Amino acid sequence: MSLQGKVAIVTGAAQGIGRVIAETLAAAGADIVVADLDPARSQDTVDGIKKIGRRVINAKVNVADWNDVKKLADDVLTAWGQIDILVNNAGITRDGLLIRMKEEDWLAVLQVNLTGTFYCIKAVLPAMSKKRSGRIVNIASVVGVMGNAGQANYSASKAAVIGLTKTAAREYASRSITVNAVAPGFIDTAMTKALDAEVRDTLQNQIPLGRLGTAADVAGAVRFLVSDDASYITGHVVHVNGGMYMA
């Protein structure tokens, strides 16, 4: 699954799942645009990719701002002349029960998670369409198909990302652009590490494989979907959740 000669934009790549995706694609041969709201926070990711020997751009972008996203795509094309892969990983949470959820928390999550994904796809489509080649992977979530108490905004945004994925896949299949989603389950990140042992045990008991996932599990699925080996897969949701949800 070599990605030699490919240029990949990974949003929200400063840490966590996004960072591991960026490093995994770089290890497979891609040059990486590390796109994040805070370039200083992205520096560790950038340094790691440089050590692998790949080209890397540390790009500041607010995915919820169309002008920012459009400038990112234009700058990448000016610097490297192509955009082959887009991984929409940037996302936020503002949890709360429905009856107590503030309108601004609802709107903020939808703006970043859904509208940000839409903006990024829209920005790279002209270059991919012209080349008649491209791979887009949107990071959804198991809660986008199952729901989750206290996450009405996040669940709705991720469910909508899945719908957006399928529509974009249908619209651009004729241009040989594949659009897929990866829906992680409970992943062992800084957030889940902060949970007490009882809560973590409860989570693991819901998972047939008996463990939380890792960022590498998610990154492996992304690497496959952006490779030539997945050229006949589009509009699909890959569930990386240890069997917690079986579609």
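## A tour of salt bridges and one buried serine

Begin by selecting Asp 75 and Lys 71, which both lie in helix α3 (residues 66-80), 4 residues apart, or about one turn of the helix; helices (H or I, at least four residues) and strands (E, at least two) are DSSP runs, numbered from the N terminus. What you have open is a predicted model, in which local features need pLDDT of at least 70 and side-chain atom pairs count only at pLDDT 80 or more, while totals for chains, interfaces and linings use all residues. Residues are numbered from 1 along each chain as its sequence is written, and side-chain values use heavy atoms, with hydrogens and water left out.

Stay with this pair and display the side chains: Asp 75 forms a salt bridge with Lys 71, with the closest N and O atoms 2.7 Å apart, where a salt bridge is a side-chain nitrogen of Lys or Arg within 4 Å of a carboxyl oxygen of Asp or Glu. Asp 75 is partly exposed, with a relative accessible area of 38%, and Lys 71 is partly exposed as well, at 49%; here buried means under 20% relative accessible area, exposed over 50%, and partly exposed in between (1.4 Å probe, protein chains only). By the salt-bridge rule the count comes to 9 salt bridges.

Next, select Lys 131 and Asp 84, which form a salt bridge whose closest N and O atoms are 2.5 Å apart. Lys 131 lies in helix α4 (residues 103-131) and Asp 84 in the loop between α3 and β4 (85-88), so the pair ties together parts that are 47 residues apart in sequence. Lys 131 counts as partly exposed at 42% relative accessibility, whereas Asp 84 is buried, with a relative accessible area of 4%.

Move on to Arg 55 and Asp 31, whose side chains meet in a salt bridge (3.0 Å, N to O). This pair links distant parts of the chain, with Arg 55 in the loop between α2 and β3 (56-60) and Asp 31 in strand β2 (residues 31-36), 24 residues apart. Arg 55 counts as partly exposed at 42% relative accessibility, while Asp 31 counts as buried at 5%.

Finally, select Ser 42 in helix α2 (residues 39-52). Is this residue buried or exposed? Ser 42 counts as buried, because its relative accessibility is 0%. Leaving aside residues up to four places away in sequence, Ser 42 touches Ala 14, Val 34, Asp 36 and Asn 58, contact meaning heavy atoms within 4.5 Å.
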